[in-house]
Amino acid sequence: MDPKLGYSGFSLLKHAVTGNRRWPDFLAEPEMRASYDIVIIGGGGHGLATAHYLAANHGVTNVAVVEGGWIGGGNTARNTTIVRSDYLLNASFQLKHFALKLWSDLTQDLNFNVMYEPRGYVDLAHSDGELEHFTLRANAMRMRGAEASILTGQEVQHRVPELDLSGRKRFPVAGALVQEAGGVVRHDAVAWGFARSAAASGIHVFQNCPATGIDVKSGRIVAVNTPKGRIACKQALISVAGSSSAVAQMAGIDLPLSTINVQALVTEPVKPALDAVVNYNAGLSYVSQTSKGEFVLGGATDGYASYARRGSFERIEDVLARAVQMFPFLSRLRLMRHWSGSADIPMDGNAMLGRTQVDGLMINAGWGYAGFKATPAVGWCMAELLATGKIPDLVAPFTLERFAQGAEHDDAGIGPYPWLQ
Ligand SMILES: Cc1cc2nc3c(=O)[nH]c(=O)nc-3n(C[C@H](O)[C@H](O)[C@H](O)COP(=O)(O)OP(=O)(O)OC[C@H]3O[C@@H](n4cnc5c(N)ncnc54)[C@H](O)[C@@H]3O)c2cc1C
């Protein structure tokens, strides 16, 4: 890494002495070349992580990342920052668990504080049947070498004393599945940390530079068009989250997914009151407190296909009603902001990773509102695919072919109803 971009004690001292006026640009705009070996379309966490690992793991740096907006303007910095790997199906678990391992060292790897905080992810069960299903999940996790625990009524109260477990609730709490290694990571730091590292390795990152067309010749990708010029390339990766179907169609590819609004909300900041991430399963509402003191809340999708980045009031009311059931003190806080992101949700609710029917064109899509936690693992695996041409074992169950083969990967058991995922 370029030592000028480092944040060592020495460099902080040196720049302090010169009045902090000589810091280099965080992300300088490079001169665009006519061709690159690889073009990554989408400068969100996933695309930038792919760029970082291409350089760090494979020494591949003749790469351009073209981002339609600004770094951290997409879902990466719109999400509720939760990371965990408490999945039942093996393939889902393995990918997210590998990501958890990468999260724990990422601050050191990037020399950039991404603030991974393993505060514990507490998933509440509201009936004995649900708790039994959670026990199955916890056992599956333990058999694969992960830590997980099942808590019953009073143990949940002990783990999260702020929870209101009085029997007056519409949905009483029967217990919880807890993954202590789950928690939160500072989302925009992730995007910027990966961008900075990729740029320092010589990869070109262009902001305000959307892909407007993909040129395919004899079934092979040959170029990506942008307002800043046509970029010839040998390979490209589509990594654009909510815009996946629109960008894939530029290459004539129809993806089996819907783009649906998902919202998040944040309250005014108060003193630290909650040290875990808590999920209320009866209807979905989850809460954590940021280091600044705000409570971040999220819930299910708005339930209809849309590219708009504003949400319905119905969902806000729904999320808040459940959050207040858990933590009645939240009713005294003011809501500061709410926003939404465009979630790309496939028919089985799981990601699509790997090759497309166009030679040299790869896809990373379908993460919906669950892909932040996988960011470093996705980057690691997509970099491996682009650099070696081999499908990594961790992504093999998620290839596009699974839809043609009837090998869907439905973690939630909801079937082909993306608005319910
Ligand atoms: C409200 C909300 C809450 C969520 N909460 C969680 C959570 O707690 N935990 C979790 O694991 N996941 C969560 N997610 C999901 C998670 O945010 C996404 O799955 C993940 O961030 C996807 O990463 P990405 O890099 O693919 O997406 P993005 O960050 O959206 O990156 C894609 C980029 O592509 C760019 N782009 C689009 N079109 C073009 C084009 N034509 N050319 C070039 N660039 C283009 C966009 O501008 C964008 O920056 C949540 C999502 C939302 C919306």
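Is the crossing of α2 and α9 left-handed or right-handed? In this predicted model, the crossing turns out to be right-handed. The two axes come within 7 Å and cross at roughly 55°. Angles from 65 to 115 degrees count as roughly perpendicular and those under 35 as roughly parallel, so α2 ends up oblique to α9. On the α2 side, the contact is made by G45, H46, A49, T50, H52, Y53, L54, N57 and H58. Facing them, α9 brings in T375, P376, V378, G379, W380, M382, A383, L386 and A387. Sorted by class, this contact of α2 with α9 holds 10 nonpolar and 8 polar residues, with no charged ones.

Helix α2, which runs over residues 45–58, also meets helix α6, residues 187–200. Here the axes come within 8 Å and cross at roughly 35°. This time α2 passes its partner in a left-handed crossing. From α2, the residues involved are G45, L48, A49, A51, H52 and A55. They meet V190, A191, F194, A195, S197 and A198 in α6. The class count for the contact of α2 with α6 is 9 nonpolar, 3 polar and no charged residues.

By class, the contact of α3 with α9 has 9 nonpolar residues, 1 polar residue and no charged ones.

Domain 1 is pieced together from 29–85, 87–112, 186–256 and 348–420. Domain 2, for its part, takes in 121–181 and 259–345. Taken over C-alpha atoms, the centres of the two domains sit 27 Å apart. Where they touch, domain 1 supplies 23 residues and domain 2 supplies 27. On the domain 1 side, the elements giving two or more residues are α3 and α7 (244–249). By class, the domain 1 side divides into 10 nonpolar, 11 polar and 2 charged residues.

One stretch of the chain also carries a label from a database record. An unreviewed UniProt entry annotates residues 38–82 as "domain: Rhodanese".

Conventions
Residues numbered from 1 in each chain as written. Predicted model: local features only at pLDDT ≥ 70, side-chain atom pairs only at ≥ 80, totals over all residues. Nonpolar A, V, L, I, M, F, W, Y, C, P; charged D, E, K, R; others polar. Domains from an automatic or database assignment. Contact = placed C-beta atoms within 7 Å. Helix = DSSP H or I, 4+ residues; strand = E, 2+ residues; numbered from the N terminus. UniProt positions renumbered as here; feature names shortened; annotations may be inferred. Axes fitted to C-alpha atoms, helices over the stretch in contact; angles between N-to-C directions. Left-handed = near helix turned anticlockwise from the far one by under 90°. Parallel < 35°, antiparallel > 145°, perpendicular 65-115°, else oblique.
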